[in-house]
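Here is my note on the model you sent. The points are numbered so that you can check each one against the coordinates.

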Amino acid sequence: MNKLVAPSFIGVLCALVLASSTAGPAPLPLDTGQHAASAGPSRVSLGTATADGAGTSGAADNPAGTALTPAVDPDIRVASPTQPLDVAPPAAPAAPAVGPALDIRPVQEPSPAPSDGSTGPSGSAPAQPAPEVPSIPPLWAPDAELASPAPSVPAQTSPATSESLAAPPATEALVKDNNSAAILTVFTKINEYRASKGLKPVKYNPTVAGLAQEWSDSIASREVIEHRANFWTDPRAMNPNNGAGEVIAIRTDRDAALLVEWWKGSPGHNAMLIDPRFNVMGAGISYTNSTYQIWGVVNFFGYTTLPAGTVDSPGGSGGSSGGGSAFPPPAPTLCDAAGRHMPPTLDLSAAAITGPGDLVTVNSSGQLLNRASTGVRTYGAAKVIGSGFSGAKEVFVTDWDRDGAYDLVTQWTNGNLTLHRGIATGGFQAAITLGSGGWQSLTLAVGGWCANNRMPQILALDGSGNLFLYPNKGTSDLSARALITGGITASRLAMVDYDADGFQDVLALRADGAVQLYRGWGTTTLRAEARPTVATGWQDVTGIRALKNVTGLNSTGVALRRASDVVQYWDLSGGRLASPSNIAGPWTGQRLAQ
């Protein structure tokens with residue numbers, strides 16, 4: 001498990017503020033001596049702060065460059081990119097301009113006030129404060145976006161049962177202790193603080209709480225720090241028209257009261273807590289048994305007319321997935337994890353595949369080649385890492401067993417599906433058959449589709465346009481599946497977080513070269529919405545490989561194998577396809593692994 005080297009008192013703290021301007025038996029690869037080289041596992045370096053949440057300089061208070069190892073699986077990421085916003089609210093604290101690419105920077109925080117004894121369920125005692133907390137500045141939304149009603153969601157008719165905005169997914173690797181006391185603590189502490197400033201208390205809405213709890217469970221189970229992009233447009237936000245905001249904090253203990261104290265101590269977060277326009281909030285609290293034991297998300301909204309269901313304080317006795325009984329417990333699905341999987345941190349410098357940005361190809365002789373990612377859009381020379389893949393229809397690179405080394409899932413023209421488990425010191429283990437017969441007729445994509453499950457899964461499109469989810473059964477036969485949707489026409493699929501909201505999506509490449517986007521939200525269903533065309537002119541594309549860390553830590557994008565000996569990289573870190581750049585070859589006679 002990738003551990004974050006951080007103080008024991010509080011982990012990571014961030015805020016997103018949105019307010020109106022008034023605020024066959026497979027052949028074996030070669031031996032372990034044939035592999036690519038790399039510099040080893042990456043590290044996150046936090047640079048000197050340029051501004052704190054209120055827009056004032058914080059550089060003088062911080063040493064430059066606190067080195068942190070990446071967070072638990074996967075790396076800590078900044079806020080999900082959104083549209084660049086250039087409307088600054090004159091009546092609210094000034095915030096620096098924020099574009100699609102944000103850096104997490106250390107901000108010197110004051111010591112939190114001692115807790116008065118209000119704690120989470122475990123009642124842990126206060127500890128010594130951390131001297132430094134990574135943070136991001138607030139982000140303000142334009143008036144028009146909050147003043148306009150959210151667009152209606154287009155109805156989907158095929159199949160009606162496969163697409164839903166119903167209950168949030170269950171979560172994996174969470175400790176399902178009752179969180180009602182912690183939620184009440186956060187709500188009470190926020191309103192006590194507002195009262196001390198002469199402000200009216202915020203009320204509580206279970207629907208908003210469900211929105212916050214879903215995201216808290218999502219980021220806690222994935223162990224990533226990021227905001228939900230455009231959360232104020234979610235139907236559960238109920239069209240706020242006078243400001244919207246989100247704060248997130250995590251701690252190494254369960255003291256919910258001190259989450260609020262840290263928000264109070266950071267100028268940007270403090271501005272949100274005491275924003276007079278907010279009159280409704282919802283809180284989500286999740287617990288884990290890893291380094292960061294409590295994850296807190298609070299959504300604030302301002303309404304001219306309070307939405308239905310708003311109450312004076314949190315009610316009910318809902319557990320960790322209810323946020324005050326906002327949602328009933330979800331029914332079991334094939335996304336649910338059979339167990340907890342905490343991948344270790346491995347030195348992959350001697351492995352056949354060294355990182356998530358590597359490019360793997362199959363040449364005309366059936367050899368498997370790897371080009372290790374060496375920097376921003378740069379790659380090392382091709383090295384042979386396997387042979388005997390002439391009969392492969394597609395090869396997929398993934399950490400199938402979540403042991404920290406990259407594996408090969410291969411779809412063979414004889415109908416079999418196999419797994420070659422990667423070895424950190426080089427090479428692969430002997431092939432294991434995951435499926436026998438019939439797989440050659442399917443169009444596949446492999447990746448982390450389920451938000452509550454760290455294991456990769458398989459999406460499979462059949463000849464009738466039905467998209468199925470095959471859950472990861474380890475080395476067992478893949479037979480169980482769930483229908484996600486129907487009516488998809490595509491010659492190739494790719495699984496990638498297209499819109500940077502933390503959930504995997506599907507890019508469906510049609511024969512005419514158009515690419516349709518099917519957005520997921522981490523469950524066995526798709527989002528119920530129109531399916532936009534996000535690219536055209538891709539008729540010559542024969543391979544699509546989702547990549548990470550090509551343009552920077554936690555960046556996302558796709559590599560395309562095109563005609564005329566061309567491989568392109570298209571960055572997606574801004575939530576849309578950026579202009580492509582070519583990756584040097586040669587690529588003649590080589591097929592791109594997915």
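**Notes on the model**

1. Start with helix α3, residues 206-222. Its 17 residues reach 24 Å from the first C-alpha to the last, close to the 24 Å expected at 1.5 Å a residue. The expected span is 1.5 Å times one less than the number of residues. Helices (H or I, at least four residues) and strands (E, at least two) are DSSP runs, numbered from the N terminus.

2. A word on the basis. This is a predicted model, in which local features need pLDDT of at least 70 and side-chain atom pairs count only at pLDDT 80 or more, while totals for chains, interfaces and linings use all residues. Residues are numbered from 1 along each chain as its sequence is written, and side-chain values use heavy atoms, with hydrogens and water left out.

3. Both ends of α3 deserve a look. At the N-terminal end, Asn 205 is the cap: a side-chain oxygen lies 2.9 Å from the backbone nitrogen of Thr 207. After the helix comes Glu 223, with a positive phi near 55 degrees. α3 is mostly covered, with 15 of its 17 residues buried. Buried means under 20% relative accessible area, exposed over 50%, and partly exposed in between (1.4 Å probe, protein chains only).

4. Helix α4 covers residues 256-265. It is mostly covered too: 9 of its 10 residues are buried. Among them are Leu 258, Leu 259, Glu 261, Trp 262 and Trp 263. Asp 255 caps the N-terminal end of α4, with a side-chain oxygen 3.2 Å from the backbone nitrogen of Ala 257.

5. Now the whole chain. It has 5 helices and 31 strands. Of its 594 residues, 58% are buried. The chain exposes about 21,200 Å², and carbon and sulfur atoms supply 54% of that area. Accessible areas come from the Shrake-Rupley method with a 1.4 Å probe; for residues, only the protein chains shown count as cover.

6. How many disulfides does a search of the whole structure find? The answer is 1. A disulfide here is a pair of cysteine sulfur atoms within 2.5 Å. The partners are Cys 335 and Cys 450, with their sulfur atoms 1.9 Å apart. The link is left-handed, at -75 degrees about the S-S bond. Cys 335 lies in the loop between β9 (294-301) and β10 (359-362), and Cys 450 in the loop between β19 (443-447) and β20 (457-461), so the pair ties together parts 115 residues apart in sequence.

7. Are these two cysteines buried or exposed? Cys 335 counts as buried because its relative accessibility is 2%. Cys 450 is also buried, at 4% relative accessible area.

8. Next, an open sheet of 4 strands. The order is β15-β16-β17-β18, and the pairing is antiparallel. Strands pair if DSSP finds at least two bridges between them. β15 and β18 (432-435) stand at the edges with a single partner strand each, so one side of each has no neighbour in the sheet. The twist averages 25 degrees from one strand to the next.

9. Within that sheet, 4 bridges join β16 to β17 (residues 417-420), and the two run antiparallel. Thr 410 stands opposite Thr 418 in β17.

10. Last, Arg 402. This residue is found in the loop between β15 (392-398) and β16 (407-412). Arg 402 counts as buried because its relative accessibility is 17%. A polar atom of its side chain lies 3.0 Å from the backbone oxygen of Arg 454.

How values were computed. A polar contact is a pair of N or O atoms within 3.5 Å; within protein, one must be able to donate a hydrogen and the other to accept it, and residues adjacent in sequence count only if both atoms are side-chain atoms. Axes are lines fitted to C-alpha atoms, for helices over the stretch in contact, and angles run from 0 to 180 degrees between N-to-C directions.
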